[in-house]
Amino acid sequence: MPKIKISKKKFGFKLHLIINDCGKLLAFSLTPANVDDRKPVPDMTKDLIGKLFGDRGYICQKLFEELYERGLQLVTKSKKKMKNRLLKLIDKILLRKRAVIESVNDHLKNICQIEHSRHRSPFNFLVNLMAGLAAYTYLPKKPSIDIDPKDLPALPPAIF
């Protein structure tokens with residue numbers, strides 16, 4: 001699950017993001033910095049189905065089951081002390097592409113300028129954040145993943 005952490009001297013928040021394979025924002029949530037990363041996931045994914053890729057911080061059996069009942073499969077890498085589990089080849093390949101969210105974070109921080117320390121009030125912080133997210137949606141070229149089968153000739157077409 002893509003996320004970006006924004007730490008301010010006075011305003012400690014985390015911005016949680018969900019993007020699609022084209023780099024478009026599907027959902028976002030702003031929480032205090034001391035909130036567990038898994039907490040906003042159910043609300044952010046209300047209208048989503050399919051597969052959701054996240055890092056190891058989102059491993060939780062209860063969260064997995066809740067999302068799975070709604071038609072959303074949470075796919076994460078295993079922690080080092082966990083038992084190995086079988087993953088579909090396409091899921092394993094797409095987990096390696098999770099770095100695209102870091103590119104989105106970089107665009108938000110550097111191009112859309114959502115992270116700086118000049119805010120003097122929470123209102124200014126929120127206005128800057130919303131303006132940065134809106135500016136990102138209008139960027140002509142967003143980080144994306146090309147998941148066309150032509151790039152994966154070893155995979156049979158039935159996987160897609």
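**Close-up views of a predicted model**

**Figure 1. Aspartate 37 lies in the loop that joins strand S3 (25-32) to helix H1 (41-44).** The model shown here and in the other views is predicted. Is aspartate 37 buried or exposed? Aspartate 37 has a relative accessible area of 10% and is buried, because the cut-off for a buried residue is under 20%. Its side chain makes a polar contact, at 2.7 Å, with the side chain of lysine 14.

**Figure 2. The protein chain is built from 5 helices and 5 strands.** Read from the N terminus, the order of these elements is β-β-β-α-β-α-β-α-α-α. The chain has 160 residues, and 39% of them count as buried. Among contacts with a separation of 6 or more, 48% are between residues 24 or more positions apart.

**Figure 3. The largest nonpolar core contains 14 residues.** Within this core, Leu17, Val104 and Leu108 have the most contacts. Strand S2, helix H4 (100-111) and helix H5 each give two or more residues to the core. Helix H4 provides the largest share, 4 residues. Which residues does leucine 108 touch, if neighbours within four places in sequence are left aside? The contacts of leucine 108 are then Leu17, Gln113, Ile114, Gly132, Leu133 and Tyr136. A separate core has 10 residues, including Ala27, Leu63, Leu67 and Leu72. In soluble globular proteins, nonpolar side chains tend to be buried together.

**Figure 4. Phenylalanine 13 and phenylalanine 125 form one of the 2 aromatic pairs in the structure.** This pair is stacked, with 5.2 Å from centre to centre and 15 degrees between the planes. Where in the chain are the two partners? Phenylalanine 13 belongs to strand S2 (residues 12-19) and phenylalanine 125 to helix H5 (residues 122-137), so the pair links parts of the chain that are distant, 112 residues apart. Phenylalanine 125 is buried, at 1% relative accessibility. Phenylalanine 13, at 24%, is partly exposed.

**Figure 5. Phenylalanine 64 and tyrosine 68 are a stacked pair.** Their ring centres are 5.7 Å apart. Why does the pair count as stacked? The planes of the two rings are at 20 degrees, and planes under 30 degrees apart count as stacked. Both residues are in helix H2 (residues 61-69); because they are 4 residues apart, about one helical turn separates them. Phenylalanine 64 is partly exposed, with a relative accessible area of 29%. Tyrosine 68 has 53% relative accessibility and counts as exposed, because the cut-off for an exposed residue is over 50%.

**Figure 6. Lysine 142 places its charged end over the ring of tyrosine 136.** The distance from this charged end to the centre of the ring is 5.9 Å. Tyrosine 136 is also one of the residues in contact with leucine 108.

**Figure 7. Helix H3 (residues 89-96) has buried residues that pack against two strands.** Which residues of helix H3 are buried? They are Ile90, Asp91, Ile93, Leu94 and Leu95. The strands against which they pack are S4 (50-54) and S5 (72-76).

Note on methods
Residues numbered from 1 in each chain as written. Predicted model: local features only at pLDDT ≥ 70, side-chain atom pairs only at ≥ 80, totals over all residues. Heavy atoms only, no water. Phe/Tyr/Trp six-rings, centres within 6.5 Å; stacked < 30°, edge-to-face > 60°. Buried < 20%, exposed > 50% of the residue type's maximum accessible area, 1.4 Å probe, protein only. Lys NZ or Arg CZ within 6 Å of the ring centre and 35° of its normal. Contact = heavy atoms within 4.5 Å. Core = buried A, V, L, I, M, F, W, Y, C linked by side-chain atoms within 4.5 Å. Polar contact = N/O pair within 3.5 Å; in protein donor to acceptor, adjacent residues only side chain to side chain.
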